[in-house]
Amino acid sequence: RRYEQNCLSFSLKHSNFFLIALRSRSGRSIINGNWAIDRPGRYEGGGTMFTYKRPNEISSTAGESFLADGPTNEILDVYMIHQQPNPGEPFNGQLDVTESVNYEEETLHRETGTHMGQPVGNFPVIQPRRFPSHLPDNQVPAGQPPRRSREYNWKQIGTTECTATCGKGSQYPIFHCVNRNTHEEVSESYCDTSTKPSPEEEPCNIFPCPAFWDIGEWSECSKSCGLGMQHRQVLCRQIYANRTLTVQPHRCHHLEKPETTSTCQLKICSEWQIRTEWTSCSVPCGVGQRTRDVKCVSNLGDVVDDDECNMKLRPNDIENCDMGPCAKSWFLTEWSDRCSAECGAGVRTRSVICMTNHISSLPLEGCGHNRPPETTPCDNGPCLGKVEWFAASWSQCSIECGSGTQQREVLCIRKTENSFELLNPYECSFLERPPSQQTCYLKPCGAKWFSTEWSTCSKSCEGGFRIREVRCLSDDMSPSTKCDPQLKPEEKEQCNTQDCVPEIDENCKDKYYNCNVVVQARLCVYTYYKTACCASCLRVANRQSGFLGRR
C-alpha cells in the first residue's frame with residue numbers, strides 16, 4: 001500500500017501468520033523488515049513519527065496498528081509479512097485527507113537469512129513490488145497476455161541483510177533465475193548470465209541508532225576494608241556509520257541513567273586490641289618507660305599485619321613513666337679477705353662509691369661528707385725478732401680492670417716485739433728479696449657486688465627489719481649481670497629483736513582513785529586527764545603501742 005504526502009493510519013486484525021511493515025522507497029525499513037521484528041514504540045520516517053502498536057501476548061485479540069503524527073513528505077510502502085501461504089486477512093487503512101488509496105498485496109517469500117556470518121533462522125524476506133512510471137520488460141500490465149519470447153528471466157527476490165540495524169548500513173539486491181510464468185525459482189543455468197543485473201549497493205537503515213548509556217568498569221574500592229566508594233564512567237553514546245560517537249546526555253533522556261558511584265566493602269576491617277597491661281617502669285626512680293602489647297586482630301580473631309588496621313587509631317604501646325626523684329647513697333664492697341701484713345698490724349680494704357639509691361629515701365642533696373672508711377685495721381699476731389725483708393703494701397693497680405702494674409717498697413729490717421729496726425739491704429742479701437713491682441690483674445673487665453649502708457630498723461624493739469640495695473656493677477660502674485649470684489650480699493635482715501621496755505617516770509602518778517573511769521571513757525587524749533591520771537593513761541598507751549608493734 002502506498003501513501004504519499006498524507007497523514008495516515010493503518011491497522012491489521014491480529015494474526016499468528018502476519019506482521020505489518022513500513023518502508024520508504026529508498027529501501028530503508030521504518031517498521032519491521034530487514035529480517036528483524038521491531039518492538040512496539042515510536043519510529044521516525046517519511047518526515048513524521050509513527051506510533052507502532054502490537055499486542056504482547058499471543059492470545060490477545062487486539063491487532064497491529066501504526067499511526068502517523070503528521071503528513072509524510074515521501075512515498076511509503078506498507079507490507080504484510082507472512083511465512084505461510086496467505087489465507088487472506090482483513091485490514092483497513094485511512095487518510096486524513098480525501099485521496100484515493102491504492103491497496104496492492106505484496107508477495108513475501110520465506111528465506112534463510114545470514115547475519116554477521118552466522119545463521120539467524122528462517123525470517124521472511126520482504127519482496128516489495130516496485131511501482132515505477134513504466135513496467136519492466138519482464139512484467140506486463142494485468143489483462144495482457146505474457147510474452148513467450150523467453151521462458152526464464154532474472155528476478156529480484158529480495159535484498160541482502162543490511163549491514164547495520166541502524167545508523168546507516170548497506171545492502172545489495174538478490175537476483176534469482178525464475179520461470180517467467182510461474183515465478184518458480186530454477187537453476188541459474190536456465191537464464192542468460194550476461195543479462196543478470198549487477199547488484200548495486202543501496203543504503204539502508206539510515207536513521208540514527210537510539211542513543212544508549214555506555215557504562216565503564218567500576219574503579220577499585222576506595223578502602224581495602226570497611227565501607228568505601230567506587231566510581232565508573234557513564235557516557236551517552238550513539239552509533240552512526242559504524243562509528244560510536246559521544247553525544248550530549250539529553251539524547252539519552254529516554255533511558256534511566258545508571259549510577260556513577262556506589263558503596264563497596266571488600267571485607268570487614270581489623271581492629272586494635274590491647275593484649276597486656278602496662279609493664280613496670282624501666283627505672284625505680286626518675287623518668288623511664290613502660291610498655292604494653294598492642295596487636296592488630298582480624299574479625300576472625302587472628303593477629304595480622306599492622307597495615308590492616310587504621311594506624312591513626314593505634315593505641316600507644318610505649319610511654320614515659322616518672323617514678324619520682326632519685327636519692328643518692330654510699331655503695332660498698334665487702335672487706336678484703338687478706339690482711340696487708342703477714343704479722344703485726346696491717347689493714348684490710350674495700351671499695352666505696354656514691355651512687356643513686358633506688359630504695360632508701362636519703363636526703364636529695366647527695367651522699368654527704370660522711371664517707372665510709374675504705375680501710376680497717378687487722379693484726380695477724382706478733383712478729384719474731386729476726387732479719388727479714390719487709391714488703392710494704394702494694395700500690396693500687398695502674399688500671400681498674402685487665403692487666404696493669406703496681407709497686408711497693410721493700411726494706412731489710414729486724415723485727416722486735418714492739419718495733420722495727422731498719423738495716424742495710426746487705427744484711428738481708430742471703431734472703432730472697434721480694435719483688436718491688438708486679439703485674440696486677442684485679443679482675444677481668446667484668447663486675448662485682450656493691451651495696452648501700454643498712455637502712456634504719458623498722459622497729460626499735462620486739463624485732464624489725466632493715467634493708468639495703470645491692471647492685472652488680474661493671475668496671476665502668478654501669479649495671480651488669482656478670483656477678484656470681486652465690487656471692488650476692490643480703491638485701492634484708494632482722495634488727496632490734498629485744499623486748500620493748502617502757503620507760504618509768506617517777507613523776508607520772510595517778511592523782512585520783514577513779515582514774516580507771518577516765519581510761520574507760522577514753523579521756524586520756526585531753527591534757528588535763530592525761531596529767532591527772534598519768535600512770536593509767538601511760539599503761540594504756542604502752543599496751544596500744546605494743547599491740548601495733550606486733551602487728
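Which residues does Leu 22 touch, not counting residues up to four places away in sequence? Let's start there. Leu 22 touches Ser 29, Ile 30, Ile 31, Phe 50, Phe 66, Leu 76, Asp 77 and Val 78, where contact means heavy atoms within 4.5 Å.

Quick housekeeping, everyone. This is a predicted model, so local features need pLDDT of at least 70 and side-chain atom pairs count only at pLDDT 80 or more, while totals for chains, interfaces and linings use all residues. Residues are numbered from 1 along each chain as its sequence is written, and side-chain values use heavy atoms, with hydrogens and water left out.

Okay, back to Leu 22. Leu 22 is among the residues with the most contacts inside the largest nonpolar core, together with Ile 30, Ile 31, Phe 50, Tyr 52 and Phe 66. That core has 15 residues. A nonpolar core here is a set of buried Ala, Val, Leu, Ile, Met, Phe, Trp, Tyr and Cys residues joined through side-chain atoms within 4.5 Å. Buried means under 20% relative accessible area, exposed means over 50%, and partly exposed is in between (1.4 Å probe, protein chains only). Who supplies this core? At least two residues each come from β3 (18-24), β4 (29-31), β6 (48-53), β7 (64-68) and β8 (76-82). Another core, of 6 residues, lies apart from it, and Ala 211, Trp 213, Val 234 and Cys 236 are among its members. As background, nonpolar side chains in soluble globular proteins tend to be buried together.

Now the overall picture. The chain has 3 helices and 38 strands; those are DSSP runs, numbered from the N terminus, with helices being H or I of at least four residues and strands E of at least two. Of its 551 residues, 32% count as buried. If you take contacts between residues at least 6 apart in sequence, 63% of them join residues at least 24 apart.

Let's zoom in on one strand. β31 runs antiparallel to β34 (residues 437-441), and 5 bridges join them; strands pair if DSSP finds at least two bridges between them. Opposite Gly 404 you'll find Cys 440 in β34.

Last topic: disulfides. How many does the structure hold? It holds 15, each being a pair of cysteine sulfur atoms within 2.5 Å.

Cys 177 and Cys 191 have their sulfur atoms 1.9 Å apart. The torsion about their S-S bond is about 85 degrees, so this disulfide is right-handed. Cys 177 sits in strand β14 (residues 173-179) and Cys 191 in the loop between β14 and β15 (202-204), 14 residues apart. Both are buried.

Next, Cys 296 and Cys 309, with sulfur atoms 2.0 Å apart. Their link is right-handed too, with 90 degrees about the S-S bond, and both cysteines are buried.

Finally, Cys 515 is joined to Cys 533, S to S 2.1 Å. Here the torsion is about -80 degrees, so the disulfide is left-handed. Cys 515 is in helix α1 (residues 515-520), and Cys 533 is in the loop between α2 (527-532) and α3 (534-550). Cys 515 is buried at 2% relative accessible area, and Cys 533 is buried at 1%.
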